[in-house]
Amino acid sequence: MQKRKRRIPVSGRSITLIIIIALVFGVISIIKGELFYSLTNISNVFSNLSYDLLLACGMTFVLILGGIDLSVGSVLAFVGIVITMLLNRGLNVALAIVIGLAVAVLAGAINGVIVSKFNVAPFVATLAMMSSLRGACYVLTSGFFVVGLPDSYVAIGRGYTLGIPNKIIISIAIMIFLGIISTRSRVFKQMFYVGQNANAAYLSGISSARTIILGYAMCSLLAGVAAILMTSSFAMGQASFGTGFEMRAIAAAVIGGASMNGGEGNFVGTALGVILVALVNNVFIMFNGSPNWSTAISGIMLLVAVAFDLIRTRKRGESV
Amino acid sequence: MKKLFAILLALVMVMPMAACGGSGNGNAGGTSNAGDSIEEELYSMIVFTKGAEYFNWCYAGMRDAAVTIGSHISVELQGPAEWDASLEARSVEQVLAKKPNGVVVSCADEATLVPVINKAVEGGTPVICFDSDSPDSDRLAYVGTNNFDFGAVAGKAIVEAIGTEGEVAIILVPGAVSMEERAQGCVDYLAEHAPNIKVSYLNDEGDVAKAEQVTSALLQSNPAIKAVFSTHGYGAPGAAAAARNLNKTDDVTIIGSDYDSATIELLKAGDVDGTVIDDPYLLGYQAFMLVYAAAHPTEVQSGNPPFGHVPAIIYGNCSLLTGDVLEDPAAAAKYENPPKI
Amino acid sequence: MKKKNENILKVFSKINLHYLVLTFLIIVMAISMSMHSRYFLTITNIEVMVNTFIMEAIMALGMTMVIISGGTDISVSGVLPFTAIIFAKLMLQNVPIIVAMLVALAASGVIGLINNELRRILKIHPMVVTMAVQLTLRGLNLAITNGSVISGFSAGFQKISEFRLFGLSVPILVYIILAVVFYVFSKNHKSFLSVYFVGGNKEASAFSGMNTECVLRWVFIINALLAGLAGILSTTVYNSASYSFGQNAEMRVITAVAIGGTSLTHGGNGSIAGTLLGTLFMALIYNSFVMSGISTYYQDVFTGAMLIIAVLLSEGTRIVKEKSFKQALGDS
Amino acid sequence: MSLLEIKNISKSFGSNKVLSNISIFLEKGEIHSFIGENGAGKSTLMKIIGGIYQADSGQFLINGKEVHMQNPMDAFREGIGIVHQELSVADNMTVAQNVFVNREPTNALGFIKWKQLNEDTVTEFKKIGIDIKPDTLVKTLSVGMQQVVEIVKVLSRDVKILILDEPTSALSDKEISNLFELLLKLKESGTLVIFISHKLKEIKQISDRVSVLRDGNFIGTLEKDEMEESTIIRMMVGREIDNLYPPKAKSRDGEIVLETRRLTRNEKYLDVSLKIKKGEITGMFGLVGSGRTEFAYSLFGADGVDGGEILLNGRPVRLKSPKMAIRYGIGYLSEDRKRTGLFVGMDVKDNVVASSLDFIMAKLGFLDDKKSEQVTEEYIGQLEIRPSNCSSLTVRSLSGGNQQKVLLAKWLAAKPEVLIVDEPTRGVDVGAKCKIHSILRALADSGIAIIMISSELPEILGLSDQVAVMHEGRLITVLENDGLTEETVLAHAFLKGGDNQ
């Protein structure tokens with residue numbers, strides 16, 4: 001059974017989540033019937049998740065490294081604006097996307113360098129990046145929407161392939177990629193080592209700095225992809241995109257079993273976390289909950305979710 | 001090492017200070033022939049959620065009005081990016097420390113800015129409220145739109161589109177007074193003209209993506225929804241996207257608010273069926289004229305000094321903008337080329 | 001022995017260097033601003049400058065304590081409006097002001113307690129816990145006010161905002177007192193020393209017979225109390241209470257603390273003195289941007305840059321040390 | 001009537017029983033040692049006496065009356081002081097603050113009297129013949145000194161019962177002898193000293209009686225005259241262990257793998273020229289702070305070099321990082337397994353492959369899971385890591401000895417040419433110790449060059465073929481180990497070392 005444990009990166013937490021989600025689905029289907037069976041609805045639920053999903057997965061990298069990235073929301077907005085502005089100036093779509101992603105990676109790399117080389121608390125480093133980039137967004141647009149994007153670009157977010165929204169295809173593709181990475185990749189493995197014990201990792205010949213930088217770069221890269229999906233499906237770039245997403249992403253990742261102390265986390269869990277949060281919000285709307293309460297819900301959600309850790313940590317506490 | 005840090009810091013500090021040369025002060029660009037002898041005057045516009053396109057239009061109006069007076073007038077746009085009344089009150093205070101000749105402000109809520117507005121007026125700085133009023137304060141005048149009428153226009157549009165049956169969703173950010181008034185106005189109109197229509201509310205936290213999520217969630221769970229009214233600019237694009245995902249663009253009537261460029265595009269594409277507009281540019285323009293008048297009292301005899309016979313409360317009118325209007329390039333021109341700030 | 005002395009010097013020089021440069025910057029800024037605007041060095045503007053950051057300043061004191069103890073508290077931006085609202089609602093019920101204040105403060109204290117208990121029981125990083133609490137509170141605030149602002153207090157109440165002592169408004173007076181108390185305690189008091197210990201090595205402190213959980217509990221409670229106090233003061237200043245108060249306050253506060261050289265990486269390192277400087281610095285930045293009329297859009301960019309540079313500075317000596325791995329181990 | 005009476009103390013964590021019915025009498029004014037393999041329950045017992053854990057059943061009697069200790073504070077009130085195995089000083093604070101933590105001299109309002117605090121600290125240190133700046137930040141002290149601070153912290157309370165849990169593991173011999181003098185003084189003054197160590201020699205030297213624990217059971221107590229190493233070991237491991245150390249290298253003419261020429265790191269060590277031969281174990285003896293670990297760091301690329309050169313198989317190499325060193329076939333088993341060795345939260349397999357990820361790659365940066373599985377199983381078998389099915393257990397859940405074996409496995413997996421082991425048997429019980437020694441010898445025989453850093457002279461003499469003595473950053477001498485005696489080595493270490501000062 002050890003084999004199974006290793007092959008599929010499913011933590012005990014993930015199983016709990018699957019059960020919960022299944023329950024919620026079941027209850028809804030019983031109460032409201034047909035709804036959650038229709039394919040469009042499911043696919044639509046997921047296509048709405050794609051942004052959160054990407055950001056949360058990116059956040060998982062950083063959390064595994066024992067860090068945190070507050071800047072993802074701003075990166076999303078900034079990349080979105082860079083791309084849309086370039087397109088607006090008539091730049092070739094592919095090129096604009098490449099540049100956009102490059103910017104994203106750069107932002108992440110800077111975070112990584114500041115954290116690893118200069119040993120600055122990730123919270124502070126990324127907080128700085130967060131406010132800088134958000135400011136930059138407004139400097140560039142002074143608040144105006146960036147519109148007038150070529151259809152070929154808009155198609156990325158709006159289009160369908162084989163009747164499936166591109167957003168979903170792209171997210172799934174990325175999830176598969178991450179899945180492979182998380183089972184086999186050496187670099188990914190090294191992230192766990194670094195997150196667990198940076199000094200030991202260094203003395204084991206793992207260059208912590210490089211790993212950390214890579215992790216943050218990955219995180220921002222995924223935020224960049226999210227930016228592409230968002231700007232293309234709304235056919236606009238906007239300075240306030242992604243405000244407050246970082247908190248949602250962290251929440252989802254933590255719900256999914258990532259630990260703030262590093263060395264723990266997996267994408268399946270994170271994905272489930274994202275789904276759970278979205279599901280709860282949907283249910284909330286479905287039963288016409290007062291909009292005034294919707295903010296509070298997410299907070300309580302997070303609390304309930306981290307409460308899952310209680311059992312696990314208790315277990316751990318014993319084997320001192 | 002340490003030296004390096006110090007130098008680095010000093011540089012970063014001094015650069016923007018050097019750059020200060022009034023870069024931000026949208027100096028009213030005109031030729032300076034007028035203003036040699038006349039002393040410089042500064043008028044500040046203070047808003048909440050600075051960077052919202054709506055306020056950019058207001059500011060554009062103010063700036064252009066200033067140009068008509070002369071190049072010795074400079075104007076500036078200030079205020080927090082957050083929807084936080086206390087932060088806005090602070091920036092008003094900070095602006096006052098610069099002794100501006102006048103201030104026009106759109107209040108995040110009607111109570112929180114009262115003390116600071118009164119302080120300003122006592123201190124001899126005229127204050128005009130625009131867009132969102134603070135009626136209990138000593139502000140000299142208010143230029144704005146009656147948000148209830150605004151909502152009513154939306155209600156009318158909806159009834160015309162879906163008739164007197166079905167359900168309607170209203171997107172708002174709870175606590176945003178102007179939005180809640182617009183929603184109320186819409187609800188009142190429906191209650192009067194189409195009592196059978198049921199209304200439910202959605203909170204999109206003023207975020208497009210969130211708007212998409214909540215709207216599609218609602219459209220799924222409740223197929224009876226025939227129309228969506230967004231009480232602010234970002235809601236309509238979100239709702240449109242949701243409808244698109246569910247292939248309901250044609251079955252669901254989407255009424256937006258304001259004419260930000262995204263909404264305009266969607267109008268032309270037919271994804272959004274109409275948007276209720278007032279004239280932020282005009283608001284800004286009038287607000288400036290009033291504050292300038294207040295700063296330069298005239299001899300005009302009237303019951304309402306210093307504004308002559310201009311009423312102290314001006315309501316701009318609001319109307320429905322639809323796609324077909326935009327087919328006329330002349331009409332479309334204004335909306336398609338937002339002012340640069 | 002010689003080596004040790006050098007290290008000690010290093011550590012001291014580090015502290016001084018940071019504060020020196022910070023002070024230097026503050027002066028540079030002040031000078032360049034006063035050259036740029038003739039209104040900058042006026043009494044009014046200085047008062048305004050203080051007023052505009054006073055709430056964060058008060059919260060920064062508590063936050064410093066939390067961060068030194070090895071934690072973070074995101075929930076302050078939820079506690080501030082929460083307390084303000086409770087206070088305001090009570091005032092409208094014509095509850096005597098003192099009672100209203102005490103009740104409101106108690107409420108905020110309870111939130112602090114909840115923060116700590118959740119952290120303790122769930123064994124989760126305080127940041128996540130307080131983040132959740134913050135979200136919940138902000139939602140709660142919205143729900144109990146239905147988003148409408150609370151105002152219309154008795155004329156007597158409004159007097160508070162006009163009260164002046166030596167020309168100083170109530171919040172400023174409160175802050176001065178708090179700042180002095182915190183400074184003195186952080187330097188010389190047993191209680192604050194134990195906060196440093198817990199932040200430095202929790203297990204060791206426990207082995208030394210220190211009730212670490214009790215220490216942390218009070219740290220979180222006091223921090224929440226300060227946020228609550230800020231809420232009450234906001235209500236008196238603006239004569240109203242709204243759920244919208246204090247948005248993103250936690251970020252501004254943490255930024256001020258971090259600029260002050262308190263390390264979020266290594267608990268037990270930092271000082272109130274640094275926070276006082278950091279706070280002043282932030283207030284100066286916010287004021288300067290309005291004064292200079294630079295589009296405030298640049299403000300975030302600038303603050304971000306400053307934050308990084310300041311922290312790099314405080315970690316500066318560490319970077320040097322990094323070169324020698326032995327000491328790098330010592331740091332971690 | 002005995003000062004401390006332990007009556008049928010039992011304790012279990014979750015399912016596994018760590019202590020079962022321990023009953024011992026401890027007398028006033030004696031030095032009573034406890035010995036036993038890791039996981040025998042010594043530390044747990046001490047933590048219970050110290051009030052950090054609570055026993056499930058059983059009772060303590062001090063001077064005949066029962067006491068209940070819910071937390072360290074209660075223990076202090078009963079006059080029990082405990083020096084912990086793992087450092088428990090706050091390194092962000094000054095020496096004085098650490099010594100008087102939580103009982104600083106304060107005025108009525110709880111404000112601290114710094115002057116008195118510092119003076120008291122100085123006097124406390126004077127007692128053990130060390131003078132120190134009380135306002136020194138602890139993080140700037142050597143590990144040894146930090147341990148001393150720890151001890152002084154406890155001594156400064158007037159303790160009736162003093163517990164020292166492996167106090168000497170980080171101390172230099174000089175500091176140890178100081179400590180022992182002090183312990184004898186305390187004994188005279190009627191204090192009960194409970195002493196825990198893995199070093200039989202120390203135990204024989206210092207203690208009046210020694211009690212042996214095995215797997216949570218009390219085996220027996222030996223009087224001073226019956227303390228034979230063999231007896232003690234038999235009681236500890238429950239079997240005979242003849243011949244503690246494996247035989248020396250068969251031949252000493254292996255070619256030189258690693259050579260340093262006048263290697264220098266400022267403020268750390270100076271002009272170290274050393275030749276390391278294939279198939280030999282080079283013991284490196286020196287006190288903490290003699291520059292030996294720093295030297296190792298340089299050889300492993302973890303720390304820079306300011307002068308001289310390193311030759312690997314005759315070719316000079318610049319080692320910029322451990323990564324590089326590993327590529328060159330150099331391994332370094334660090335002295336502090338928890339902080340710089342293992343990833344205690346991850347499973348054994350992950351730990352074993354940690355430094356050899358490059359070798360178990362399939363293709364395109366992907367890991368070969370099967371292979372790493374094999375590797376792990378192989379070393380679990382070879383090093384007898386227990387439990388034998390541990391490859392997917394977290395290292396945290398293993399005993400100290402087995403953790404150390406995992407750490408060793410990590411380096412074996414990396415297939416080094418030169419393996420530097422720093423204190424390979426620190427805090428490891430006799431059984432595991434022998435195993436590790438024989439493994440090291442086996443490795444040497446298989447042609448690996450081994451550098452063993454240790455402050456345990458018997459270990460050095462017992463295992464190594466040549467002994468390099470370092471003192472205050474200088475390589476005093478390199479001796480071929482043909483029947484070397486401790487006296488000779490120490491003579492070099494101190495007398496010659498003395499000249500250099």
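Tutor: A residue is buried if 20 or more other C-beta atoms lie within 10 Å of its own, exposed if 12 or fewer, and partly exposed in between, with C-beta atoms placed from the backbone. This is a predicted model: local features need pLDDT of at least 70, side-chain atom pairs count only at pLDDT 80 or more, and totals for chains, interfaces and linings use all residues. Residues are numbered from 1 along each chain as its sequence is written, while chains are lettered from A and ligands numbered from 1 in the order in which they are written.

Student: Why is B:Asn203 called buried?

Tutor: B:Asn203 has 25 other C-beta atoms within 10 Å. The definition asks for 20 or more. B:Asn203 is therefore buried.

Student: Which residues does B:Asn203 touch?

Tutor: Contact means that two C-beta atoms, placed from the backbone, lie within 7 Å. Leaving out residues up to four places away in sequence, B:Asn203 touches A:Pro291 and A:Ser294, along with B:Leu172, B:Val173, B:Pro174 and B:Val214. B:Asn203 itself is found in strand β8 of chain B, residues 198-203.

Student: What makes α10(B) largely enclosed by the rest of the structure?

Tutor: Helices (H or I, at least four residues) and strands (E, at least two) are DSSP runs, numbered from the N terminus. In α10(B), 14 of the 16 residues are buried, so the rest of the structure largely encloses this helix.

Student: How do you know that the span of helix α10 of chain B agrees with its 16 residues?

Tutor: The expected span is 1.5 Å times one less than the number of residues. For residues 280-295 of chain B that gives 22 Å, and the end C-alpha atoms are 22 Å apart, so the two agree.

Student: Why are β6 and β10 of chain D called edge strands?

Tutor: Strands pair if DSSP finds at least two bridges between them. The open sheet has six strands in the order β6-β7-β8-β3-β9-β10 (chain D), with mixed pairing. β6 (80-83) and β10 (217-223) of chain D each pair on one side only. Neighbouring strands of this sheet are turned by 20° against each other on average, direction ignored.

Student: How do you know that β6(D) pairs with β7 of chain D?

Tutor: Four bridges join β6(D) to β7 (residues 161-165), and the two run parallel. The definition asks for at least two bridges. D:Ile80 stands opposite D:Ile161 in β7(D). D:Ile80 and D:Ile82 point one way from β6(D), D:Gly81 and D:Val83 the other way, and all are buried.

Student: Which helices lie across strands of chain D?

Tutor: Axes are lines fitted to C-alpha atoms, for helices over the stretch in contact, and angles run from 0 to 180 degrees between N-to-C directions. Helix α5 (residues 143-155) of chain D lies across β6 and β7, at about 175° to β6(D). Helix α8 (residues 229-237) of chain D lies across β3 (31-35), β9 (209-214) and β10, at about 30° to β9(D).

Student: What makes the side of chain C that touches chain A divide by class as it does?

Tutor: Ala, Val, Leu, Ile, Met, Phe, Trp, Tyr, Cys and Pro count as nonpolar, Asp, Glu, Lys and Arg as charged, and the others, Gly among them, as polar. The contact takes 45 residues from chain C and 40 residues from chain A. The largest share of the chain C side, 16 residues, comes from α13(C). That side divides into 26 nonpolar, 13 polar and six charged residues.

Student: How many residues of chain A are in contact with chain D?

Tutor: The contact joins 24 residues of chain A to 28 residues of chain D. The largest share of the chain A side, seven residues, comes from α9(A). By class, that side has seven nonpolar, eleven polar and six charged residues.

Student: Where does pLDDT stay under 50 in chain A?

Tutor: pLDDT is the predictor's confidence in each residue, from 0 to 100. Chain A has a mean of 83, with 88% of its residues at 70 or more. Residues 1-8 of chain A stay under 50, and residues 316-320 of chain A are also below 50. Low pLDDT means that predicted coordinates should not be read in detail.
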